[in-house]
Amino acid sequence: MKHKDQKPLTIVIKLGTSSICDEVTHEPRIANMSLIVETVVKLRREGHRVIIVSSAAIAMGLKRLDIPKRPKHLATVQAIAAVGQCRLIALWDELFRQLNQPVAQILLTRNDIADRAQYLNAANTLTELLHMGVIPIVNENDTLSVSEIKFGDNDTLSAITAGMANADYLFLMTDVDGLYTENPRKNPDAQPIEVVTDISQLDVDVSTGGSSVGTGGMVTKLIAAELATSAGVTTVITKSSIPGNIHAIIKYLRYLRQQEGGSNDRSKTFNPTVPSDLSASDSDDRSTARSVTPLISTDSVMQDSPSPSRAPSRPSSPPPRHTRFLPQSHPMRDRHFWILHGLKSHGIVYIDTGAYKAITRTNKAGLLPAGVVDVEGTFSASEAVSLVVVDRKVLTKAEREHQGDGEAKKAVRATVFEDGEDVGKAIVNYSSVEIARIMGLRSSEIESLLGYSDSEYIAHRDNLAFAPKHV
């Protein structure tokens with residue numbers, strides 16, 4: 001039943017291969033999949049919009065073809081994925097059919113969203129499916145994907161999907177109940193972490209890898225969390241074997257936000273680890289959970305505010321253990337998110353610190369030729385490149401000291417460039433050859449050198465995208 005007093009949420013749920021198939025036998029985990037279906041349908045009936053990002057096409061194909069382990073040959077893996085994807089979506093469709101819930105299949109590669117129009121088409125399709133009450137089931141198109149156009153893993157795909165759908169939540173379901181200070185399988189004294197406000201400040205052991213038929217692990221989940229939170233999406237890691245955790249966590253966070261009055265005043269803080277006004281039935285167990293920062297702001301916990309006319313019902317017990325990553329207070333614009341995460345970099349443009357400050361300030365400028373130090377790779381105009389900041393003063397000084405010694409000068413440049421910081425991406429107005437000719441010059445000199453001037457900028461400010469920590 002839809003709660004009209006609360007804003008419906010858009011929720012992306014990422015399920016890894018180990019959540020869907022047995023790692024050894026590759027048999028589908030029907031019981032767990034059924035619980036997931038029940039949870040998703042329950043969320044739908046409350047008015048929420050849900051997207052599933054589902055792995056396991058290859059594992060399903062291995063079982064269908066009676067192949068004991070994943071082969072190494074790419075074409076063979078892609079063929080197995082083609083077989084397995086049919087079985088995977090058929091199984092999801094049959095399980096959802098039992099509860100009269102329609103689903104849709106969406107298969108993506110990075111190439112599909114590299115073009116801005118195609119990216120918008122994909123986003124519009126997701127929006128329309130959600131509006132129709134359909135559950136989109138997204139997976140990477142393993143049959144077509146090669147290393148150059150792969151997302152890398154479905155954790156990354158789920159984060160990009162969450163950004164594309166302007167989701168409120170991304171749930172990364174895994175075989176542990178959250179992030180720990182150390183690997184809990186190796187160290188029983190490892191402490192759970194409930195709230196992360198700044199992923200860059202984490203000091204944890206993430207040595208756990210993915211399953212033998214999957215590609216993920218805790219490292220990929222942290223990367224996905226950083227990507228999603230930059231788009232304003234609250235990201236949660238919790239145990240996949242208890243899908244009902246999703247509903248309980250959402251209910252808890254809504255109640256918690258309402259108790260704080262839904263205030264957007266970032267000066268108000270509280271400790272979310274053990275809420276004092278909830279039942280303490282397992283407080284001894286939860287007392288070991290901790291936040292990366294002891295106090296966090298109330299408006300970071302939930303991005304939507306329930307109507308004051310009716311409060312969310314009080315949870316009967318503390319929420320299931322989980323780790324949640326709070327969204328950036330100033331999330332990226334959709335276009336910048338697409339540039340940074342949807343486009344493959346075709347080269348590198350090295351810029352100096354002065355240019356970096358100019359293009360990242362509040363009233364930012366475009367990237368001018370004068371701020372470019374060097375260029376690497378071969379690319380054309382209108383392609384995306386990485387932006388790396390280097391210290392021009394250090395470079396100039398080192399080159400002077402090794403003047404006349406070509407090899408030493410080359411080695412020094414390589415060292416300075418290696419020490420540079422990758423800060424973002426840009427869609428450039430000139431090719432790598434053209435940038436190499438005009439770098440370091442004034443914009444007024446472009447036409448005299450090239451014979452034409454398409455723009456005074458190497459990259460217009462609307463075509464520059466940076467991770468939030470660089471803005």
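In the predicted model, a polar atom of the Arg361 side chain lies 2.9 Å from the backbone oxygen of Asn363, a polar contact being a pair of N or O atoms within 3.5 Å, one able to donate a hydrogen and the other to accept it, with residues adjacent in sequence counted only if both atoms are side-chain atoms. Arg361 is located in the loop between α12 (353–360) and β14 (372–376), and is partly exposed at a relative accessible area of 45% (buried is under 20%, exposed over 50%, with a 1.4 Å probe and protein chains only). Residues are numbered from 1 along each chain, and side-chain values use heavy atoms without hydrogens or water. Local features need pLDDT of at least 70 and side-chain atom pairs pLDDT 80 or more, whereas totals for chains, interfaces and linings use all residues.

An open sheet of mixed pairing comprises 5 strands in the order β14-β13-β15-β16-β17. β14 and β17 (464–466) stand at the edges with a single partner strand each, so one side of each lacks a neighbour in the sheet. Strands β13 (residues 348–352) and β15 (residues 384–390) pair in the parallel sense over 5 bridges (pairing requires at least two DSSP bridges). Val349 has Leu387 in β15 as its bridge partner.

Helices α2 (residues 30–45) and α9 (residues 245–259) have axes that come within 9 Å and cross at roughly 35°; axes are lines fitted to C-alpha atoms, for helices over the stretch in contact, with angles from 0 to 180 degrees between N-to-C directions. Thr39, Lys42 and Leu43 in α2 meet Ile246, His247 and Ile250 in α9 (heavy atoms within 4.5 Å).

Terms used. Helix = DSSP H or I, 4+ residues; strand = E, 2+ residues; numbered from the N terminus.
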